[in-house]
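Open the model in your viewer and keep the sequence beside it. The tour goes from one selection to the next.

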Amino acid sequence: MRSLIDILELDVTEIKELIDKANDIIANPVKYSEKCRGKKLATLFFEPSTRTRLSFEAAMYELGGNVLGFSEAQSSSAAKGESIADTAKTTSCYADIIAMRHPKEGAPLVAAMNASIPVINAGDGGHNHPTQTLTDLLTIQREKGRLNNLTVGFCGDLKFGRTVHSLINALSRYENIKFVLVSPEELKLPSYVKETLKKNNLEYVQTTDLDSVMPELDILYMTRVQRERFFNEEDYLRLKDSYILRPERLNTAKADLAIMHPLPRVNEISVEIDSDPRACYFKQVLNGKYIRMALILKLLEVE
Ligand code: CP
C-alpha cells in the first residue's frame with residue numbers, strides 16, 4: 001500500500017507514467033468509467049478548497065467510484081478534539097483511499113502512518129501540494145511538449161506558497177531548467193527549498209522586478225499572496241498587490257509564454273488576461289481532474 005505525501009516520492013519515470021495515463025484518460029474517457037466501481041474516496045478537508053476537493057471528487061465519480069467526507073474541520077469530530085491518527089484509523093474502516101488537506105504541515109503524513117489505506121496529501125499548510133504539482137507538470141507537458149529546457153518564472157508569495165515549493169522540487173529533476181524567482185524581499189523562497197537548487201547545481205536568479213525578466217520566460221507561474229498564512233494583517237495589506245499581471249505587462253513576453261496559476265486568484269492576474277491564448281490557468285483546473293484520476297488508479301493498483 002502506497003501513499004503520496006511529497007512529490008519527491010514519485011520518480012520521474014512514475015511521473016511520466018501518470019502523465020501518459022492522464023493523457024490517455026483525456027483521449028478515451030469511456031475506457032476508464034468503471035475502473036473504480038465499488039471503491040470509495042474519502043475527502044478529509046480541514047481547510048477550504050474548491051479545485052482540489054471538487055477535482056478529487058469528480059475524478060472518483062468519473063472512474064465509477066463513490067465519495068464521502070467533509071469539507072471543514074468544524075463538521076468533523078476534529079472539532080471535539082479527535083486526533084489526526086484516530087481520524088485516519090476511523091476513515092480506513094469506511095473508504096479505500098483518503099485525500100486530506102490540513103492547515104498544519106505534516107498532518108497528512110501522520111494520517112498515512114496511521115491509516116490502513118493510501119493517503120494523498122491534498123495540501124498541508126505552507127509545505128507541500130503534490131497533486132497540484134502533478135497538475136502543473138501535466139499542463140506544462142501539454143502546453144510546451146516537454147518538461148526540460150525551460151525558463152520558469154515563479155512570481156508572488158514564494159515563502160508560503162506550497163504549490164511553488166512542490167513544483168520547484170519536482171522540476172529540479174529535469175534537465176536544463178532555469179528558475180527565475182520573483183517576489184518581495186519578505187516573501188522570498190525559503191532557504192530549505194533553495195538548498196534543493198544549490199545542491200543540484202541548478203541555475204536560478206532572485207529578483208523583485210518581474211518586468212526585467214519577462215522576455216526570457218517560457219512559463220510564468222503566478223501565485224496569490226495568502227492572507228491566511230500571515231500573522232500580521234498589516235504585512236498582508238502591504239504586500240498583497242506586489243505584482244498584478246495586466247495585459248501591458250505582457251508586451252515584452254514571448255508569444256508562446258504559458259501563464260499558469262494554481263488558483264484561487266485574488267488580484268494578481270487581471271481578468272482581461274483570461275482571453276489571452278497564453279493563459280493556461282483554467283486548463284490547469286481541468287487537467288487537475290485527469291491527473292488525479294490517474295493517481296487514484298495508481299494508488300489503488302487498478303489496471
Ligand atoms: N489550487 C488549489 O489548491 O486550489 P483550492 O485551494 O481551491 O483547492
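A residue is called buried when its relative accessible area is under 20%. Keep in mind that this is a predicted model.

Select Thr196 to begin. Thr196 has a relative accessible area of 13%, so it counts as buried. The residue sits in helix H7, which covers residues 191–199. Now show what surrounds it. Apart from neighbours within four places in sequence, Thr196 is in contact with Asn169, Ser172 and Leu202.

Next, turn to the aromatic rings. The model has four aromatic pairs. For one of them, select Phe46 and Phe70: this pair is edge-to-face, with 5.2 Å from centre to centre and 85° between the planes. Phe46 is in the loop between strand E1 (40–45) and helix H2 (51–62), while Phe70 is in strand E2 (residues 66–70), so the pair ties together parts 24 residues apart in sequence. Phe46 is buried, at 11% relative accessible area, and Phe70 is buried too, at 15%.

Move on to Phe154 and Tyr221. Their ring centres are 5.5 Å apart and their planes meet at 50°, so this pair is tilted. Phe154 belongs to strand E5 (residues 150–155) and Tyr221 to strand E8 (residues 219–222), so the parts tied together here are 67 residues apart in sequence. Both Phe154 and Tyr221 are buried.

For the last stop, select Phe56 and Arg292. What lies over the face of Phe56? Arg292 does, at 5.1 Å from the ring centre.

Key. Residues are numbered from 1 along each chain as its sequence is written. This is a predicted model: local features need pLDDT of at least 70, side-chain atom pairs count only at pLDDT 80 or more; totals for chains, interfaces and linings use all residues. Side-chain values use heavy atoms; hydrogens and water are left out. Helices (H or I, at least four residues) and strands (E, at least two) are DSSP runs, numbered from the N terminus. Buried means under 20% relative accessible area, exposed over 50%, partly exposed in between (1.4 Å probe, protein chains only). Contact means heavy atoms within 4.5 Å. Rings of Phe, Tyr and Trp (its six-membered ring) pair if their centres lie within 6.5 Å; planes under 30 degrees apart count as stacked, over 60 as edge-to-face and the rest as tilted. A charge sits over a ring if NZ of Lys or CZ of Arg is within 6 Å of the ring centre and within 35 degrees of the ring normal.
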